Amino acid sequence: ERLWPRRSGSHDGRIAVNLALVILNTVLLRLCFPVMAVGVALWAGSEGLGLMHWLTLPLWVELTAVVVLLDMAIYWQHRLMHWVPWLWRLHRVHHSDLAFDVSTGVRFHPAEIFVSMLIKMLLVLVLGADVVAVILFEILLSASSLFEHANLRLPLWLDKGLRTVIVTPDMHRVHHSIHRDETDSNFGFNLSIWDRAFLSYRAQPRSEHETMAIGLPAYRGQEDQGLLRLLRQPIDNAGTGTTQ
């Protein structure tokens, strides 16, 4: 980001707030979900529960299938975060960031993290996912979230090639636009195929990437970006719609 930024400008304090959120989320997750998704996978394996334990697939096929199915599930979870009003109240903390960089990729409300972990644990149980597949998916999910939110200028030819398979920063930046039709597009986190398959793909924003407005209309002030304001944002009635 420092060497090849896509957008210029700085927003004082927001990176510290975003990192404070991820630290808080990590601590709370460890306290509330000691086993988490990997623990569920180990338990399901010991009990022979879930789809993959009822099928006789080669290990590499099982690992690939689980990672792809979990990725598709996260795509649909993301769409639900935009469609269901109470889920949007949680998710809009992520979208109310006024800038777009790698720290945006870890800016989530603790309640959204809890909901996401519960969904992930249920998916792992239903699939009977192998623990190796779960670990691989967790690594991919975290790495892709950081990469796709990066304020990184990729050569156009490289971006075009990469986005045929994975979500790139330019592709995901459209999703953080202030305009509703752009925010409600490009929901994928890792594989880009889901947006094309389910008709939510948008190649470029209406404005240039360097100048497009990021964030939500209801949360444009610096006073909206403090840690305590972000934590209470889900109970705030402002900005109940997605965007303008």
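**Close-up views of the predicted model**

**View 1. L199 is found in the loop between α11 and α12 (227-232).** Helices here are DSSP runs of H or I with at least four residues, numbered from the N terminus. L199 is not a glycine, yet its phi is positive, near 60 degrees. The residue is exposed (over 50% relative accessible area, 1.4 Å probe, protein chains only), with a value of 77%. This is a predicted model, in which local features need pLDDT of at least 70 and side-chain atom pairs count only at pLDDT 80 or more, while totals for chains, interfaces and linings use all residues. Residues are numbered from 1 along each chain as its sequence is written, and side-chain values use heavy atoms, with hydrogens and water left out.

**View 2. N186 lies in the loop between α10 (180-183) and α11 (193-197).** The phi of N186 is also positive, about 50 degrees, although N186 is not a glycine. N186 counts as buried (under 20% relative accessible area), because its relative accessibility is 1%.

**View 3. S192 lies in the loop between α10 and α11.** S192 is buried, and its relative accessible area is 0%. From C-alpha to C-alpha, S192 is 10.0 Å from D71 in space. In sequence, S192 and D71 are 121 residues apart.

**View 4. The axes of α4 and α7 cross at roughly 45 degrees.** These axes, lines fitted to C-alpha atoms over the stretch in contact, come within 9 Å of each other. α4 is therefore oblique to α7; oblique angles are those left after under 35 (roughly parallel), over 145 (roughly antiparallel) and 65 to 115 degrees (roughly perpendicular).

**View 5. The largest pocket has a volume of about 780 Å³.** A pocket is an open set of points on a 1 Å grid where a 1.4 Å probe fits, with protein on both sides within 12 Å along at least five of seven lines. Its lining holds 27 residues, each with an atom within 4 Å of a point. I113, K120, E138, L141 and S142 lie nearest the centre of the pocket. The elements that give two or more residues to this lining are α1 (14-32), α2 (36-47), α4 (59-83), α6 (110-127) and α7 (131-148). Of the lining residues, 14 are nonpolar, nine polar and four charged.

Key
Points joined across faces, edges and corners; volume = space filled by probe spheres on them. Nonpolar A, V, L, I, M, F, W, Y, C, P; charged D, E, K, R; others polar. Axes fitted to C-alpha atoms, helices over the stretch in contact; angles between N-to-C directions.
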